[in-house]
Structures are given as structure tokens and as C-alpha cells.
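User: I'm new to this one and would like to learn how to read it. Could you walk me through it step by step?

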Amino acid sequence: RMRWDSGSFLGFSALQKPRPCGNALGDVIFCRMPGPPSIADRYVVQERFLIKLPPDEHGNNGFAIVMSSPSQTVIDHLFGSGQALSGDSTTGAVQATTVMSAYLIREIP
């Protein structure tokens, strides 16, 4: 995504390398986005999952990328209490939460 949408971010980093998660491949990322004028920047920690979709009615395969913010308990388990984010990456920004977000990627018949 950083190739085509890097202008939307003030910061982006992978906090955990991709790993198998059941039928998906998952990782954890950090993003900082600029706020509109007079509004503080936002940052978010997200778990991302890449899931292979079953073929559609035309036989085309595809993928879903599903994202959500992990609970503080999960963050503490993954990185140790309070260790995931610190310093300049979050200074002056407000933590946001992603309940669920997704991209569906399929070939157009």
C-alpha cells in the first residue's frame, strides 16, 4: 500500500512479521495519519489478515485483507506491557481504533 498511498501516512511500520494464523497470514502494523487542520494526528495499531477467497461464479480466485485493532491485552502479549509504541511515533497524536476494515481483491471478469 505504501507504493500507491504513502501520502496518506506520516508513519508506517510493521510491528510483527507475517505469520500463519489458521487459514490466513497475519501481521501487526502501526500507522500514523495526519489530522485535518486544527485536529490532532491519529495513530492506529492493526492486526492484518490475508485470506484466500473461494472461487467466484466465474472461477476467479481472490483475496481479502481484513484489519482490526487488537485489544490492549493482545498488544501487551505480543510486545510486552507498554513496549509496542513509544517516543516520537505517538507524540501529539491520539490513538484511534479500527473495529473492522477490509479490502476484497478479485480479478474483474
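Analyst: Let's go from the overall fold to the side-chain pairs and then the surface. This is a predicted model, where local features need pLDDT of at least 70, side-chain atom pairs count only at pLDDT 80 or more, and totals for chains, interfaces and linings use all residues. Residues are numbered from 1 along each chain as its sequence is written, and side-chain values use heavy atoms, with hydrogens and water left out.

User: Which elements does the chain have, and how do they run from the N terminus on?

Analyst: Helices (H or I, at least four residues) and strands (E, at least two) are DSSP runs, numbered from the N terminus. Here you get two helices and six strands, and their order is α-β-β-β-β-α-β-β.

User: What share of the residues is buried?

Analyst: "Buried" means under 20% relative accessible area, "exposed" over 50%, and "partly exposed" in between (1.4 Å probe, protein chains only). Of the 109 residues in the chain, 29% are buried. For contacts, meaning heavy atoms within 4.5 Å, look at those with a separation of 6 or more: 51% of them join residues 24 or more positions apart.

User: How many salt bridges does a search of the whole structure find?

Analyst: The general idea first: side chains of opposite charge can pair when their charged atoms come close. The rule asks for a side-chain nitrogen of Lys or Arg within 4 Å of a carboxyl oxygen of Asp or Glu. The search turns up three.

One joins Arg19 and Glu47, at 3.8 Å from N to O. Arg19 sits in strand β1 (residues 11-21) and Glu47 in strand β3 (residues 42-53), so this pair ties together parts 28 residues apart in sequence. Arg19 counts as partly exposed because its relative accessibility is 21%, while Glu47, at 14%, counts as buried.

Another joins Arg48 and Asp27, at 2.7 Å from N to O. That pair links distant parts of the chain, with Arg48 in strand β3 and Asp27 in strand β2 (residues 24-33), 21 residues apart. Arg48 is partly exposed at 26%, and Asp27 is buried at 8%.

Then there's Asp41 with Arg32, at 2.9 Å from N to O. Asp41 counts as buried at 17%, and Arg32 counts as buried at 11%.

User: How many aromatic pairs are there?

Analyst: A pair of aromatic rings is described by the distance of the centres and the angle of the planes. Rings of Phe, Tyr and Trp (its six-membered ring) pair if their centres lie within 6.5 Å; planes under 30 degrees apart are stacked, over 60 edge-to-face, and the rest tilted. That gives two pairs.

Phe9 and Phe12 have ring centres 5.9 Å apart and planes at 65°, so they are edge-to-face. Phe30 and Tyr43 are tilted, with 5.9 Å centre to centre and 35° between the planes. Phe30 is in strand β2 and Tyr43 in strand β3, so the pair ties together parts 13 residues apart in sequence. Phe30 is buried at 5% relative accessibility, and Tyr43 is buried at 11%.

User: And which residues form the nonpolar patch on the surface?

Analyst: Patches use residues with over 30% relative accessible area and no salt bridge; like charges are joined within 9 Å, nonpolar side chains (Val, Leu, Ile, Met, Phe, Trp, Tyr) within 5 Å. Areas come from the Shrake-Rupley method with a 1.4 Å probe; for residues, only the protein chains shown count as cover. The patch is made of Trp4, Leu25, Leu50, Phe63, Tyr103 and Ile105, with about 580 Å² of accessible area together. Tyr103, in strand β6 (residues 101-106), counts as partly exposed at 31%.
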